There are 2 protein chains.
Amino acid sequence: MTDARVDRLREAASAAGLKAVMATNPASIYYLTGFDPLALERLFAAVVLTGGGGALLVPRLDEEAAASAPSGLARVAYDAASDGFAELAEVFDGARAVGVEEDHVPFARVLRLQELGADPRPAGALLMGLRARKDPEEIEAVRRACSVVTEVMERMFASLRVGDVEQAVNARVAYELTEAGATESHPLVLFGANAANPHGTPGEYALAPGDVVCADISARLGGYWGDLTRCATVGPPSEWARRTWEVVSRAQAASIAACRAGTAARDVDAAQRRILEAADDLGRCLHGVGHAMGVEIHEPPFLVPRTRDSLEAGHVLTIEPGLYATGVGGIRLEDDVVVTDGEPRLLSSLPLELREVPA
Amino acid sequence: MTDARVDRLREAASAAGLKAVMATNPASIYYLTGFDPLALERLFAAVVLTGGGGALLVPRLDEEAAASAPSGLARVAYDAASDGFAELAEVFDGARAVGVEEDHVPFARVLRLQELGADPRPAGALLMGLRARKDPEEIEAVRRACSVVTEVMERMFASLRVGDVEQAVNARVAYELTEAGATESHPLVLFGANAANPHGTPGEYALAPGDVVCADISARLGGYWGDLTRCATVGPPSEWARRTWEVVSRAQAASIAACRAGTAARDVDAAQRRILEAADDLGRCLHGVGHAMGVEIHEPPFLVPRTRDSLEAGHVLTIEPGLYATGVGGIRLEDDVVVTDGEPRLLSSLPLELREVPA
């Protein structure tokens, strides 16, 4: 499966006039080779030569782990005394026009490539274009991640009680996700006024009657992310919570319905904005309606007003409209969908309803 | 405190002939402004003009959080319709020679800066040179992080039992660190043969009599990391474990003693290597002896054979020699120290001893 992806990259790179492509984003390396590097300051790269061949380049320390990856690419390991660029130059074998992931590769590495006589050129869109069109195996992996997030989310809501501390609830959710096999997770369960900030940080606040709960839980399992958000109130919903939930759920349905091949990504965002901005007495619309996801939790295309991307079959998107009222709270609803040649397909089956925690 | 750091940066940048410095690494932004960005795809930057002034540039979504940071720098927020570069150009106010963090800033942003008429130049060493010399407040923050890691480590060893599953133990440690206020953590508690891989991944393996346990626990609290490693055996130590622990503890003592102002960073690594390589019947020395840490878990200087850096007073270093025997296990011992004008000072007080888990 990874070798078919390498072949597709080779073809696309050749059509773009490149002699080689060097992937350095760990997520792209994983996509192309099945090897999931813990990339810190040392160089990891998946190099594909358009003339054939290439290599997975890793520090010596990771040689064994890289050897067991499914990729058919050659393996090159470099010693602690090297920064990996001499070994990289050998892999390039004189290639000058080298495509790089310009949104990921740091300036310093571009300067090193230039010193080696290469002419690094932006090729991120080429690689991300491939990664964006998920194959059935990848879609299935997102569905499995969603199903684990669903279980943990339901358990969290079922056990949530007045007096629970925000930070402890998030720690417990992270624990359960790890226990269930997540290699990474970002639980963001926010209470009351803190939920009015979509980037809020869980703190010492204890859940109180009347609070809204906005639970955004994402986790990476089997290499792929699932990302879902549901809301609750403590006790019966206030008039604000009931109306806001109703508006946001309409915005979500409209945005999901807009996820069709050929649609401009910004039109999916426009679908939420039309509905949310008409309800500006309830709160503000503070972010784009969503983004693609897969090996990374945030991938292009981004469903925001300023993008020029269009949707294609195979895109896996998270759709997460929300309304936020300072001092009151926030309501967000999030599901993951795959764009097809026909109707968009949900990858999760978590009931949308506004939950109620006993007051 | 952050404003004094900005002043030091302004001075250093001016001496280097720059008109501006643009920090984009979230850790550098935190260091310079006290604002800790959750940087995903959108642009965050702390810009310091050598002629005076500058700004903390953030997406509109983060405007409120940025406003509450202690920095005296102006705040500039940009809307969802912008990528932030037009607003950035206004902050630059015509500056051409702009220092960037070349190990962090992606190639794409360098190209955008060039389009705006700026001439981006590597200035990472300048910024990291400042960040490397920790002020007393930062040293105290690392000490506090170490004391939380110490507590969680001791509790983990005290409760560890035969049959415990590696993945669950790591999840539990992460949970306890979060509960104690950690905003990030990297527990890496490995059992038996898995401990022979310093980058191993916790799996489904259950702890068995005779296993070695290598527990590397790091956490970020109050903005700064603490990072400690201790080992145990299940039941009395084997001859291999006893001898290896003894060699590694000697290597650690020698490396810590070498952490003096003016010493070449590679000589600290040489201090471990001399001792570990003489014991190559016990296992292999697979990595440098350590690295600096602070706002990030890995910061320069790196204590590896190929570096040309030297130690200075105020450097906070983690010293972590280890020996690894494939199929058997690994022993690593890690403490955090601060380089002073005299003796190196330990920032942790966790007993070094080889623990014993009941068999």
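Predicted model: local features only at pLDDT ≥ 70, side-chain atom pairs only at ≥ 80, totals over all residues.
**Between the domains of chain A**

Next, select the place where the domains touch. Here, 10 residues of domain 2 of chain A are in contact with 7 residues of domain 1 of chain A. On the domain 1 side, highlight α2 (26–33) and α6 (124–132) of chain A, each of which provides at least two of the touching residues. Colouring this side of domain 1 of chain A by residue type shows 5 nonpolar residues and 2 charged ones, with no polar residues.

**Between the chains**

Now display chain B together with chain A. The contact involves 40 residues of chain B and 40 residues of chain A. On the chain B side, select α5 (107–115), β6 (119–122) and α8 (166–179), the elements that give two or more residues to it. Which of these elements gives the largest share? It is α8(B), with 9 residues.

**Confidence**

Finally, colour chain A by pLDDT. The average for chain A is 95, and 99% of its residues score at least 70. For the complex, the predictor reports an ipTM of 0.84 and a pTM of 0.86.

Definitions and conventions. Residues numbered from 1 in each chain as written. Chains lettered and ligands numbered in written order. Contact = placed C-beta atoms within 7 Å. Helix = DSSP H or I, 4+ residues; strand = E, 2+ residues; numbered from the N terminus. Nonpolar A, V, L, I, M, F, W, Y, C, P; charged D, E, K, R; others polar. pLDDT = per-residue confidence, 0-100.
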